[in-house]
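Here is a walk through one protein model, from its overall dimensions down to a single pair of residues. Please keep the sequence and the coordinates at hand.

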Amino acid sequence: MDAITRFLMQQVENYELEIEVANKGVVTYVGDGIARVNLEQVMASELLEFPGRVYGMALNLEEESVGAVILGPYRHIKEGDAVKRTGRIMEVPVGENLIGRVISPVGEPLDNKGPLETEKYRPIEYLAPGVIQRQPVDTPLHTGIKVIDAMFPIGRGQRELIIGDRQTGKTAIAVDTIINQRDQNTVCIYVAIGQKASTVASVIQKLEEVGAMEYTTVVAANAGEPAPLLYIAPYAGCALGEYFMYEQQGDVLIIYDDLSKHAVAYRELSLLLRRPPGREAYPGDIFYLHSRLLERSARLNDSLGGGSITALPIIETQAGDVSAYIPTNVISITDGQIYLETELFYAGQFPAVDVGLSVSRVGGAAQLEAMKQVAGRLRLDLAQYQELAAFSQFGTDLDKTTQARLSRGERMMELLKQAQYQPMPVEEQIVVIYAGVNRFLDELPLEKVVPFEREYLHFLRSGYPQLLEGIREKKALDEELENLLKKSIDEFLKSFAATVEPNS
């Protein structure tokens, strides 16, 4: 009896009173990934904890209730369940350990490579840097795609929209750009919003095959996920990018694939939260939604470390209608667009970039001097070619000068063709475009243009490595390099012409 008494007295002495203070409320409605909660003193975008350790995010702060989106399975949540505040604004895990991983928008691993080992977090909403905190875009971010790097160059810190109908190669351009960042000290983030799981898996497989996952993180919110996860996905990707820009002073490339599906997910949430619909049933703040995301892309000034985020948002059009609500919104936010034309795609022009409707409003300042020297005439030649090609369809007799321009334009279009997953170093782009714009290919049969490019580059790598090295180092075509370039083309064409003549 004495031993029992002593044990009980010891338990009483060692007992520590634990008091949990929590602001709790009650679920009054749940359905379609939305919950209405009676809860006080909630902050905008605050994390709320539902039963089963499922979290939600407060979006609508109303007088009588709070409208929240549920970031996970919600079938078990029912009316009358308790919900409590966490006191934390919505945040996601960030850090170097996320490179090479596939994660969900809330930071859960999706790649069976174990838990994410990071203790760092950043809020998904963060104020974009102001004008004073930025510096001009003057450093190129090469995509490895001839038609883009030559005529619509992209600089670090720029936002360049990729727009076009479905199945015209938008994701292919984004993936090629990621592949081209190897050895460029650029962290890449691919945000898949509402894509089929099989499509995302094939992108990841390709990135792993070529070794690009070594510097890439994939944030995946697949088509089967609830709308709230699609809504926060691009913000989660941007928060991860900001970690590398602000805290690591590094360069980041983010692909948002695609913001059309993001807008549809947000429309679904807004209508379920009973926000008033506007044009095409989108809520009135849809422009603000995308602008506050894309404004976070910037090139910081040197006092903040000089890091950058370059954004390539993707928008899908319906039957080429760039004047629809979401396309016009995002066009007005970004610094230019790469427009992919369905007819060009079906005609076998890969990538199917429309030279007339595409533009880069910033990247010219970041373009290599050598590329400026050769590509200025390229755009003029192609513009003239497209105008003449449309005119020549009427079947009128054409003079020799017009025929020559048409012939040169056809060869330039052929030269700009490029196979998928084969980005090209910028110095190799410069030498083949130089050969085209300076009329070295005018006498070649059209079907020999692509073999010319392939074999000429092989000839340069073995016979004139100093030429490619010189362009890479000087970043400009001086007289010495240009003379060497002309000599190499003349020398190669003599041997190449011998293989052409019997077949022509």
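The model is predicted. The protein chain has 504 residues, of which 54% are buried. Its C-alpha atoms fill a box of roughly 110 × 55 × 45 Å along the principal axes. In secondary structure, the protein chain holds 15 helices and 16 strands. Contacts can also be sorted by sequence separation: taking those in the protein chain between residues at least 6 apart in sequence, 74% join residues at least 24 apart.

Turn next to the surface and the charges. The protein chain exposes about 23,500 Å², and 50% of that area is supplied by carbon and sulfur atoms. Its charged side chains comprise 49 positive and 70 negative ones. The centres of these two sets lie 2 Å apart.

Now to the strands. Six of them form a closed barrel with antiparallel pairing, in the order β1-β2-β5-β4-β3-β6. From one strand to the next, the twist averages 45°. Within this order, β4 stands between β5 and β3.

The pair β3 and β4 can be followed at residue level. Strand β3 covers residues 46–50 and strand β4 covers residues 54–61. The two strands run antiparallel and are joined by four bridges. Which residue of β4 is the bridge partner of L48? The partner is G56.

Methods
Residues numbered from 1 in each chain as written. Predicted model: local features only at pLDDT ≥ 70, side-chain atom pairs only at ≥ 80, totals over all residues. Heavy atoms only, no water. Pairing = 2+ DSSP bridges. Axes fitted to C-alpha atoms, helices over the stretch in contact; angles between N-to-C directions. Buried < 20%, exposed > 50% of the residue type's maximum accessible area, 1.4 Å probe, protein only. Contact = heavy atoms within 4.5 Å. Areas by Shrake-Rupley, 256 points an atom, 1.4 Å probe, with all protein chains shown as cover. Lys, Arg positive; Asp, Glu negative; His and termini not counted. Charge placed at Lys NZ, Arg CZ, Asp CG, Glu CD.
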